[in-house]
Amino acid sequence: GKAMLAITGTTRRPQVKGQVVLEGASVQLAGMPGDITDLKGNINFDLDRLQSDLTGNFSDGKLTAKGILAISDPNLFTEDKPEFNNPLTLYAERLKLELKDLYAGAANGFVLVRGAALAPVLSGEIAMSNGRIILGGPDNLPISSIASVNTPTSEPKKENSESNFNVGFNQLIVKLRDNVQITRAPLLNFLVEGDVRVNGTLADL
């Protein structure tokens, strides 16, 4: 692949001009198991926005990313602008996920990315099947760690997290379909089916 980019502005309001072209590339995403392989297509940057047309393979399935997204200004594309009807959309087909302490199983669906690359807001529909949702994360936290959650010393950590990059949700629908278990060892282990609507921010979950 190749990249030709000119970046100006500030870290809060960057201006990016140029193009990234990929042909059979492999990319590792933070927090995701495995690589996206055979990644093909391009991302065009036009100062305050980007336009993606990418396809790749991930976890025995296929990923596609197409559409337009603001880089830093979440209010750039209002409903009266044509770009509003072409948001960056991520399509997932036949994925098999292994997300540590979160979820293991199949996933299909699409996610609309609005807002901006620096402050994304996600909507759309994701269907989960033949999998397991793990509640509560690690099960063997020491009692001292659990007790410290409600102490005054934990407050500064909360303030720091608010200043970090965060993801918003606007009616993201998670469909729990065939053979999905919810587990919280050793207390819970049961099958579920239905829809969950996710709103707010990642920090709220």
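## Contacts of Thr64

Contact here means heavy atoms within 4.5 Å. The model is predicted. In it, Thr64 touches Leu54, Thr55, Thr89, Leu90 and Tyr91, once neighbours within four places in sequence are set aside.

Thr64 sits in strand S5, which covers residues 61-70. Its relative accessible area is 12%. The cut-off for buried is under 20%, so Thr64 counts as buried.

## Overall architecture

The protein chain carries two helices and 10 strands. Read from the N terminus, the order of elements is β-β-β-β-β-β-β-β-α-α-β-β.

Of the 205 residues in the protein chain, 31% count as buried. The accessible surface of the chain comes to about 13100 Å². Carbon and sulfur atoms hold 56% of that surface. Take the contacts between residues at least 6 apart in sequence: 49% of them join residues at least 24 apart.

## Strand pairing around S9

Strand S9 spans residues 168-184. It pairs with S8 (residues 119-134) and with S10. S8 and S9 run parallel, joined by 11 bridges.

The pairing of S9 with S10 is antiparallel and extends over 12 bridges. Here Val174 has Val196 in S10 as its bridge partner. A hairpin of three residues connects S9 to S10.

## Nonpolar cores

The largest nonpolar core has 34 residues. Phe45, Leu97, Ile133 and Leu176 touch the most other members. S9 gives the most to this core, with six residues.

Phe45 has its own list of contacts. Leaving out residues up to four places away in sequence, Phe45 touches Leu5, Val16, Lys17, Gly18, Val20, Leu50 and Ile71. A second, separate core has five residues. Among them are Ile68, Ala70, Phe77 and Ala116.

## A nonpolar surface patch

Leu135, Leu187, Leu188 and Phe190 make a nonpolar patch of about 370 Å².

Leu187 lies in the loop between S9 and strand S10 (188-201). Its relative accessibility is 71%. Exposed means over 50%, so Leu187 counts as exposed. Thr64, at 12%, is buried.

How values were computed:
Residues are numbered from 1 along each chain as its sequence is written. This is a predicted model: local features need pLDDT of at least 70, side-chain atom pairs count only at pLDDT 80 or more; totals for chains, interfaces and linings use all residues. Side-chain values use heavy atoms; hydrogens and water are left out. Helices (H or I, at least four residues) and strands (E, at least two) are DSSP runs, numbered from the N terminus. Buried means under 20% relative accessible area, exposed over 50%, partly exposed in between (1.4 Å probe, protein chains only). Patches are made of residues with over 30% relative accessible area and no salt bridge: like charges are joined within 9 Å, nonpolar side chains (Val, Leu, Ile, Met, Phe, Trp, Tyr) within 5 Å. Accessible areas come from the Shrake-Rupley method with a 1.4 Å probe; for residues, only the protein chains shown count as cover. A salt bridge is a side-chain nitrogen of Lys or Arg within 4 Å of a carboxyl oxygen of Asp or Glu. A nonpolar core is a set of buried Ala, Val, Leu, Ile, Met, Phe, Trp, Tyr and Cys residues joined through side-chain atoms within 4.5 Å. Two strands pair if DSSP finds at least two bridges between them.
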